[in-house]
Amino acid sequence: MNDRMVQVNQMRSDTDLAAELRRLGIGMTVSEARKVVSILGRDPTIVELFIFDIEWSEHCSYKSSRKILKKYFSFEASNVVLGTGEDAGIVDFTSVNGIEYAIVIAHESHNHPSQVLPVEGAATGIGGIVRDVDCMGAHVCAVADGLRFGDPDGTFKPRTRWILNGVVDGIWQYGNALGVPNLAGDVYFDSSFDDNCLVNVVCMGIVPRNRIIRSRVPEGAKTRDFDLILVGKPTDASGFGGVTFASEILDEKEDDRTIGAVQVHDPFLKNILITHKANRMVWDLAFEKGIPIGMKDLGGGGLACASSEICSAGGVGAEIHLDRVHTSMENLPPEVIACGETQERFIFAVPPEFTDSVLNIYNSVWELPKEANGACARVIGRTLRDPRYRLFHNGELVCDAPIHEITSGILYDRESKPLHWEGREPADTRMDITDALSMIMASLNGCSRHPVYRHYDTEVQGCALIRPGEADAGIIVPLFHTHGSRAGIALSVDGNPFIGEIDPYWSGAVAVAEAMRNVVASGAIPRALTDCLNYGNPEKSGAFWQFEQGVRGIADAAVKLWQYDTDREPVPIVSGNVSFYNESALGQAIKPSPIVACAGVIRDAGKAMTLHLKEPGNRIVLIGDRRDEMGGSAYYRTCFKQTGTQSVTVDFERERKDMHAVIALISRNLVRSCHDISDGGLLVCLAEMCLSTRNPPGLGAKLIVPGNITISPERYLFTECGGFLLEIPVSQIELAERIAADFDSESVDLGEVISRPEIHIVQHERTLAQISMTDIHRKWIGILKEYIS
């Protein structure tokens, strides 16, 4: 261990050491490098320095965020099978023929890679999140995405459009080839994302509770050694330094380095491992023989990260021989073999007597070497009862460190200092209602997302019941074809970035409330949350304050909007990710962007709701009060080019009662269609209920603005306070009102469905607007097509 040592001793100046670290492509600070020396008691090898750099990065160690997450996300719920801490979270789903099934869900970001190489970045984001769910033993049955792009008509127009098209291509090319339906998502555009697009990905699967695979070495490894088997694509140099790259500010001057840090995808190999279930054959055999195994995907940090974490979590050490790792390039340095982020790989920890069976399944039964050049399964090492992490390369020891020191990471106490929002209110907020609606529905942030999701295969696997654009959440019925179960899972992804710059606390709370409302509006009960927390540089006190406030808002909403039919149990947060350093080299940070996913359960998917109006004569009922909170609204931003000062808030008690009332109304078969009120407010909500992405509008609505409101009709129609519009038959109105009242939820009859494709708005029998939905539809469906090739 002497020819590749890095001199990190106190005799070397901080300036020289910082320059050497940068030359090596290592992102850690000088003080962190010196801490490595104190842990090892000597100077580190290059391999050791890269490993500590990866595991101590923001991406892996959560060194800036961990204390805040622990402070606010400490609540529990009885439906949680497995919470945060492994590759995915797990919550209860349903029981079929005496077998308890659970939902497996994970949420990650792939922001920086997608800004640099959009197709590869987005594709490998989907690939990584699918592996996270698969390695828990789950059948992967859905993905979703939350996307944020720059202004496609702005300063960086060509680049932004290239990124937009590349990200959409990467998602559909990978997901479609893999055979996993894309169920949900959202898209926003804003110039703050010019230099930092956001690609947040969610994956969901199901697993029998008695067949969960853990991302840790089994307990038996504490008394005897287990073999470590690497499965999948041969290791190459792609993605080397990816975790460090994801924990830094992007700089176009370093394009050569950053492009090399983006992984390369291979969905067809993964198809064999996951969709055609070579992995499942291993699981089936292990459970059949009662053999304990551990499994983890190789994502950020590659082999070093996965092998150290799976062993450390099991309370053991590891000995790995890097020259046994199958590679596609000759003479790869040991640090690249250890830390390269080549895609489509897994690591298994198995008892030695099961090793030959695993190798036979991958190498002979599924013939991995024939399916992809150099792909295979190989024994690369073993666990150690001594908690050390030892790597050998061609017989030389290149890493020898306490394994828990590597994986425990480091912690920082970041300064948190409030920022004052400098926005202002428009001088005059009156505007013709027809013109306002037309402008919002024809804007990039108000138009149909059909040009995006039309690329995604939603029919693959045959379990999708509600697809994107048909309701507020996508719904799958994953056990219907195999077991006849009508139980469904709803999934939504939400987060309005325009609230965050006004008040980051409410941006977190509103994201949770909207994600939950979307699940409720589809007919399901919210049962779990995940989040991806996208912010600027945590070393800046204002950006860190925005992050902390967002986390606090998410936590308060999860606790105070507790689960339906429970004794005030929070909606648990079971998976998530923090993405910092979403800031350009010039210091331009993104708008604070917490993106929240909600998974819900519907016992009988036959009661699922779509959002489109069904029958003339049915009543249109409002649940949810209209408050004078216009800040960040589409009305302000689109019509007056101002953000405003008073963001939308969440009245937690009122919101919870309203959601629970809607759940009860839908479960009693009283509702024909339902849509949540969010972006654009009540009038945009109603317009979307009149429209369809596949057909010209056929139905419309007569909307009566109550005469006793205390705000102007424009504000009443366009404020984005949460709520619902429900279509209810006349014969069911009285019963619906009584049920809503039982939950202390106020329902307001606003009008009726009409047979003409228009929205006729009246107040005090005076027409305020008569809006053709045919005209609106043409603009709403066509705008985004101009930007996506």
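What we have here is a predicted model, in which local features need pLDDT of at least 70 and side-chain atom pairs count only at pLDDT 80 or more, while totals for chains, interfaces and linings use all residues. Residues are numbered from 1 along each chain as its sequence is written, and side-chain values use heavy atoms, with hydrogens and water left out.

Let me stay with glutamate 367 for a moment, which is found in the loop between helix H15 (352–365) and helix H16 (368–371); helices here are DSSP runs of H or I with at least four residues, strands are runs of E with at least two, and both are numbered from the N terminus. Glutamate 367 is not a glycine, and yet its phi is positive, at about 50°. As background, most residues other than glycine have a negative phi. A second case is glutamine 461, again a residue other than glycine, with a positive phi near 75°. Glutamine 461 sits in the loop between helix H19 (450–453) and strand S14 (464–466), and at 30% relative accessibility it counts as partly exposed.

Is leucine 332 buried or exposed? Leucine 332 is buried, because its relative accessible area is 9%. If we leave aside residues up to four places away in sequence, leucine 332 touches Thr235, Asp236, Ala237, Thr327, Ile337 and His393, where contact means heavy atoms within 4.5 Å. Between leucine 332 and valine 30 there are 302 residues in sequence and 27 Å in space, taken C-alpha to C-alpha.

Threonine 84 is in the loop between strand S1 (80–82) and strand S2 (89–96), and with a relative accessible area of 58% it is exposed.

Turning to the helices, I will take H2 (residues 30–40) to begin with, where the buried residues are Val30, Glu32, Ala33, Arg34, Val36, Val37 and Leu40. What covers these buried residues of H2? The cover includes helix H1 (14–24), helix H3 (46–55) and strand S13 (396–402). Just after H2 comes glycine 41, which takes a positive phi of about 75°.

Helix H12 (residues 278–289) has twelve residues and reaches 17 Å from its first C-alpha to its last, close to the 16 Å expected at 1.5 Å a residue, the expected span being 1.5 Å times one less than the number of residues. Its buried residues are Ala278, Asn279, Val282, Trp283, Leu285 and Ala286. Seen down the axis of H12, these buried residues fall within an arc of 165°, so they line one face of the helix; the arc is that of the directions from the helix axis to the C-beta atoms. H12 is followed by glycine 290, with a positive phi near 70°.

Helix H25 (residues 652–667) is mostly covered, with 13 of its 16 residues buried. The axes of helix H22 (residues 504–521) and H25 come within 10 Å and cross at roughly 10°, where axes are lines fitted to C-alpha atoms, for helices over the stretch in contact, and angles run from 0 to 180 degrees between N-to-C directions. That makes H22 roughly parallel to H25, since angles under 35 degrees count as roughly parallel, over 145 as roughly antiparallel, 65 to 115 as roughly perpendicular and the rest as oblique. The residues of this contact of H22 with H25 divide into twelve nonpolar, no polar and two charged; Ala, Val, Leu, Ile, Met, Phe, Trp, Tyr, Cys and Pro count as nonpolar, Asp, Glu, Lys and Arg as charged, and the others, Gly among them, as polar.

My last pair is helix H18 (residues 433–441) and helix H29 (residues 773–782), which pack at an angle of about 25° with their axes 8 Å apart, and that makes H18 roughly parallel to H29. Leu437, Ser438 and Met441 in H18 meet Met773, Ile776, Lys779 and Trp780 in H29, and the residues of this contact divide into five nonpolar, one polar and one charged.

Methods: Buried means under 20% relative accessible area, exposed over 50%, partly exposed in between (1.4 Å probe, protein chains only).
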